Amino acid sequence: MTDLKRTPLYAFHTAHGARMVPFAGWEMPVQYTGILEEHRTVREAAGLFDVSHMGEARVTGPQAVDFLNHLVTNEVSTLPVGRALYTVMCYPSGGVVDDLIIYRTGPSDFFLCINAGNTAKDLTWMNEQVAHFACCVSDESALWGQLAIQGPKSLDILQALTQVRLDLIPKMGFEIGGVAQIPGVIIARTGYTGEDGFELYVPVHETEHLANVLVAAGLPKGLKLTGLGARDSLRLEAGFPLYGHELSDSITPLQAGLSWVVKLAKTGDFVGKAALAAEKAAGVARRVVFYRINDRRIARQGTPVIAQGKAVGEVLSGSLSPFLNCAIGSALVDARADTKALSVELRGTVLPLEVAKPPLHKK
């Protein structure tokens, strides 16, 4: 793993007994005490994640709004300062370049969080698209560490470390303020777990200090360090897409069930609009579904999905739900397939899929 990048918390992770694995070009903690325990802790108390591998970019200039509205499918012009927006960037084909969160930090100033494995590709794509707009795209990935504190006790733990009124920050909102005497932290009420929580963008040289302070403040209240293993099972229970699984250059946002981020009626053109409008008019040929299995055996990515003895799709993601004590997952299936008849075959056993609307852990 010598060629892998490391976050500012590498020494912190090894000191806390993390098991490190390669992920998206980075050496990252997959678990500390165990994925199932860490997963449950986030649902019941709070978990602390290192997500400093994520990429950050800034878009500034008089035509920043026009550029972003051209770049992404969602509506940027009506986004207030202090609020964040989930959206996707598409290719002209309608396939997805990446999904991302846009934070409006000023009238013509936007802060973007993009996926770790796509950072270089995304920045190249954005710089190609910005050529005809009076604004610029800057890579700020090296300037920021990022920590996520997620779970029902996260507000209580974090509030003790900041003067910012966290209860006044709405979901998908943010404030910039001091945390643990570190100025200029972006405190965002966002997350990837399906629980309330915050994502903290901190100047990179202060990342380890903030992690240590959060651990000290959180341990008495049940906080645990949490790795990428639990992050994946949590996001799958919540029904959140992961690029390369539920979204890709061949899976459109309409197929992924993200029609709510595709604003075909917004003013002006955007990349992929024509293809997505045509797909919406014709109806999607395939779609992403989420499911439970009444079994602990997990159907992994690529497992064929069958209906009436015929292959109608394949599994995109699979994991175990610690709350339901059963396997869960997502699949891309023919839109005409009867979702009540879907199944997978694992080691000679046919297991029916119970298709359900996320969050999968809440019936």
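Buried, in this talk, means under 20% relative accessible area; exposed means over 50%, and partly exposed lies in between, with a 1.4 Å probe and protein chains only.

A word on the model. It is predicted, so local features need pLDDT of at least 70 and side-chain atom pairs count only at pLDDT 80 or more, while totals for chains, interfaces and linings use all residues. Residues are numbered from 1 along each chain as its sequence is written, and side-chain values use heavy atoms, with hydrogens and water left out.

Back to glutamate 140. Where does glutamate 140 lie? It is in the loop between strand 8 and strand 9 (144–150). Helices here are DSSP runs of H or I with at least four residues, strands are runs of E with at least two, and both are numbered from the N terminus. What does glutamate 140 touch? Leaving aside residues up to four places away in sequence, it touches Glu56, Ala57, Arg58 and Phe111. Contact means heavy atoms within 4.5 Å.

Take phenylalanine 111 next. It sits in strand 7. Its relative accessible area is 0%, so phenylalanine 111 is buried. Again not counting residues up to four places away in sequence, its contacts include Ile101, Tyr103, Trp144, Ile186 and Tyr201. Glu140 is on that list too, and so is Ala57. Alanine 57 is 54 residues from phenylalanine 111 along the chain, yet their C-alpha atoms are separated by 5.9 Å.

Now helix 3. It is mostly covered, with 6 of its 8 residues buried. Those are Ala64, Val65, Phe67, Leu68, Asn69 and Leu71. What covers them? The cover includes strand 4 (55–60), strand 5 (84–90), strand 6 (96–106), strand 7 (109–114), helix 4 and strand 8 (136–139).

Let's look at helix 4 against helix 3. Helix 3 spans residues 64–71 and helix 4 spans residues 119–129; they pack at an angle of about 120 degrees, with axes 10 Å apart. That angle makes helix 3 oblique to helix 4. Axes are lines fitted to C-alpha atoms, for helices over the stretch in contact, and angles run from 0 to 180 degrees between N-to-C directions. Under 35 degrees counts as roughly parallel, over 145 as roughly antiparallel, 65 to 115 as roughly perpendicular, and the rest as oblique. The residues that meet are Phe67, His70 and Leu71 from helix 3 and Trp125, Met126 and Gln129 from helix 4. By class, this contact has 4 nonpolar, 2 polar and no charged residues. Ala, Val, Leu, Ile, Met, Phe, Trp, Tyr, Cys and Pro count as nonpolar; Asp, Glu, Lys and Arg as charged; the others, Gly among them, as polar.

From helix 2, Ile35, Glu38, His39, Val42 and Arg43 meet Gly229, Ala230, Ser233, Leu234, Glu237 and Ala238 in helix 7. That contact has 5 nonpolar, 3 polar and 3 charged residues.

Last, the cysteines. How many disulfides are there? The count is 0, where a disulfide is a pair of cysteine sulfur atoms within 2.5 Å. For cysteine 136, the nearest cysteine sulfur belongs to cysteine 135, 6.9 Å away. Cysteine 136 has 37% relative accessibility, so it counts as partly exposed. Cysteine 326, at 9%, counts as buried.
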